[in-house]
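Trainee: I've got a new structure to look at and I'd like to talk it through with you. Can we go step by step?

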Amino acid sequence: MQIKPILSRLPALEVTPFGPAGPEGEYRFFALRLPRPSWKNWRPGQFLMLRPAAFGLELPWARPFSICHTTARCLICFFQVCGRGTRRMAQLKHGDEVNVWGPLGNGFAVEPDSQTLLLAGGMGIVPFVGYVNAHPKPWNTSMLFGHREPLKCYPVDNIHEYIPLDSLRETTPGELDNFIFTLNERMRDCAEQNGLVLACGPLPFLQTVRNFARELKARTQILLENTMACGVGACLGCMTRTSDAWPTPEKRGGLVQACRQGPVFWADQVKL
Ligand SMILES: Cc1cc2nc3c(=O)[nH]c(=O)nc-3n(C[C@H](O)[C@H](O)[C@H](O)COP(=O)(O)OP(=O)(O)OC[C@H]3O[C@@H](n4cnc5c(N)ncnc54)[C@H](O)[C@@H]3O)c2cc1C
Ligand code: FES
């Protein structure tokens, strides 16, 4: 069922820092709580375009964020400060206006009876919070999480509650090799059971997942966090090249919009 996106103007409820502060007392990881918009349904993997009024004239474009979680009264996004927009978002105060456009995009596949392996790298964990909360049989899912910052910088509590979560922190190159080895083992097990692999994280992580998916013939979806300006198919800023496995012949080897046809794609259908 198509869920129609809606534009809502919402007052921020709170912005809460996560994890330890840096050397100058600055935080980089935040949860943003907003009142739940009027839309009822959304699919994990879908995203929002957020534009606080505080962006003013200097930052004309909204920024895309995965829907982390919803409660009866709140919508929660989780973000890492990496530039001008997220820095301003971190300074939002109770009552500051935020324009919210969503829910957008397609969302991850849910196969309640298939073994489902969730692979997250860093902030790629965010859409999986909603995924495990909404999954009808969470005992069929498990997660491998690779991260560089301390675990308490990420929203892991809502995942731990529902499913087994193995996390590996990378602080030396040796630990990265260990993570890649474990990733391969876990994907192999999942592929042998004809399970479903879902991945979200930085591009090199997704490229590794895609290569293993090819080698192991693992049914795999990936969420692409391409840079986006409009989120609704108007600016062509988020284009992704398709592979020969794309379902419609006229688009094979062509370009599709990550905001409209994605952000979740079958790993064999796009080029990274
Ligand atoms: C579908 C989708 C879901 C996302 N979900 C989340 C989320 O849940 N939490 C979260 O923290 N971030 C998420 N992102 C990434 C987030 O949109 C960017 O971090 C944000 O737009 C950066 O805005 P900025 O103004 O702070 O940075 P800018 O000033 O615009 O850029 C600062 C730096 O960040 C890089 N950057 C900008 N956009 C992205 C991007 N999309 N991916 C990687 N690097 C980028 C730029 O290249 C630059 O180096 C998501 C992106 C997409 C497309
Ligand atoms: S973000 Fe504008 S077309 Fe996709």
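Trainee: What is the strand order in the open sheet of 4 strands?

Mentor: First, some ground rules: this is a predicted model, where local features need pLDDT of at least 70, side-chain atom pairs count only at pLDDT 80 or more, and totals for chains, interfaces and linings use all residues. Residues are numbered from 1 along each chain as its sequence is written, chains are lettered from A and ligands numbered from 1 in the order in which they are written, and side-chain values use heavy atoms, leaving out hydrogens and water. Strands (E, at least two residues) and helices (H or I, at least four) are DSSP runs numbered from the N terminus, and two strands pair if DSSP finds at least two bridges between them. The pairing here is antiparallel, and the order is β1-β8-β4-β5.

Trainee: Which residue of β8 is the bridge partner of arginine 51?

Mentor: Start with the strands: β4 (residues 47–52) and β8 (residues 97–104) pair in the antiparallel sense over 5 bridges. In β8, the partner of arginine 51 is asparagine 99.

Trainee: There's an open sheet of 6 strands too; which are its edge strands?

Mentor: The order there is β11-β10-β9-β12-β13-β16, with mixed pairing. An edge strand pairs on one side only, and that picks out β11 (165–169) and β16 (264–266).

Trainee: Which residue in β10 stands opposite glycine 121?

Mentor: β9 and β10 run parallel, joined by 6 bridges. Opposite glycine 121 you'll find glycine 146.

Trainee: How many residues of β10 are buried?

Mentor: Buried means under 20% relative accessible area, exposed is over 50%, and partly exposed is in between, using a 1.4 Å probe on protein chains only. Both faces of β10 are covered, with Thr141, Met143, Phe145 and His147 on one side and Ser142, Leu144 and Gly146 on the other. So the count, going by that under 20% cut-off, for strand β10 (residues 141–147) is 7 of 7.

Trainee: At about what angle does α4 run to β10?

Mentor: Axes are lines fitted to C-alpha atoms, for helices over the stretch in contact, and angles run from 0 to 180 degrees between N-to-C directions. Contact means heavy atoms within 4.5 Å. α4 lies across β9, β10, β11, β12 and β13, and its angle to β10 is about 165 degrees.

Trainee: Is threonine 242 buried or exposed?

Mentor: Threonine 242 is in the loop between β14 (239–241) and β15 (255–257). Among the residues it touches, not counting those up to four places away in sequence, are Lys251, Val256 and Gln269. Its relative accessible area is 0%, so threonine 242 is buried.
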